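Dear colleague,

Please find the structure below. My notes on it follow.

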Amino acid sequence: MPESQQVHGRAMELARMLTRPATRSWLQGGRHREFSVADMWLLLHLLETGPLAMSDLAHWQQVNRSTMSVQVFHLESRGLLVRTPDPGDHRVVVVHLTAEGRAAAREMADSMGRSFGAAMSRWTPAEITALEDLLSRLIGDLDAARARGGAPGEGSTPCLLYTSPSPRD
């Protein structure tokens with residue numbers, strides 16, 4: 001099996017693991033089970049960046065503004081986000097974390113840090129740095145490939161969407 005298919009299989013396994021409700025609950029410290037993966041991404045992104053225009057959030061999540069508006073409304077109705085007009089351009093809607101949203105996002109970020117720290121407690125600093133570097137490179141390369149049209153280029157080896165484990169003898 002080409003190495004890229006092995007990596008793809010592991011990446012899909014990791015994605016499935018991180019999106020399972022039990023894993024999400026553990027990562028979040030068990031207190032925010034009601035947050036979807038998209039909710040978590042949005043709250044944590046706003047904690048990291050500060051307030052952003054709705055169009056910037058839609059671009060970041062690679063969805064249209066109407067999809068982003070539904071997600072923001074969902075979290076706004078729970079008191080975690082608030083929308084305000086941009087003071088410099090009242091046509092632009094800016095999304096902010098509320099105090100409750102900021103507290104929930106900080107708690108999730110702290111819990112995720114502790115969870116990953118526990119999972120990687122036997123890793124050396126060099127191993128952690130190597131993983132971070134390789135993941136950053138893979139994410140950048142995947143994003144660049146998608147931007148070029150998403151299809152494999154000339155001479156590349158296509159990855160299967162899902163590769164079932166080979167039977168063991």
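Trp 123 is found in the loop between helix 6 (99-119) and helix 7; helices (H or I, at least four residues) and strands (E, at least two) are DSSP runs, numbered from the N terminus. This is a predicted model, in which local features need pLDDT of at least 70 and side-chain atom pairs count only at pLDDT 80 or more, while totals for chains, interfaces and linings use all residues. Residues are numbered from 1 along each chain as its sequence is written, and side-chain values use heavy atoms, with hydrogens and water left out.

At 36% relative accessibility, Trp 123 counts as partly exposed (buried is under 20% relative accessible area, exposed over 50%, partly exposed in between; 1.4 Å probe, protein chains only). By contrast, Thr 23 in helix 2 (residues 21-27) is buried, with a relative accessible area of 16%. Leaving aside neighbours within four places in sequence, Thr 23 is in contact (heavy atoms within 4.5 Å) with Met 17 and Leu 18.

The model also contains an open sheet of 3 strands in the order 1-3-2, with antiparallel pairing (two strands pair if DSSP finds at least two bridges between them). Strand 1 (52-53) and strand 2 (81-86) stand at the edges with a single partner strand each, so one side of each has no neighbour in the sheet. Strand 2 pairs with strand 3 (residues 89-97) over 6 bridges in the antiparallel sense, and Val 82 stands opposite His 96 in strand 3.

Kind regards
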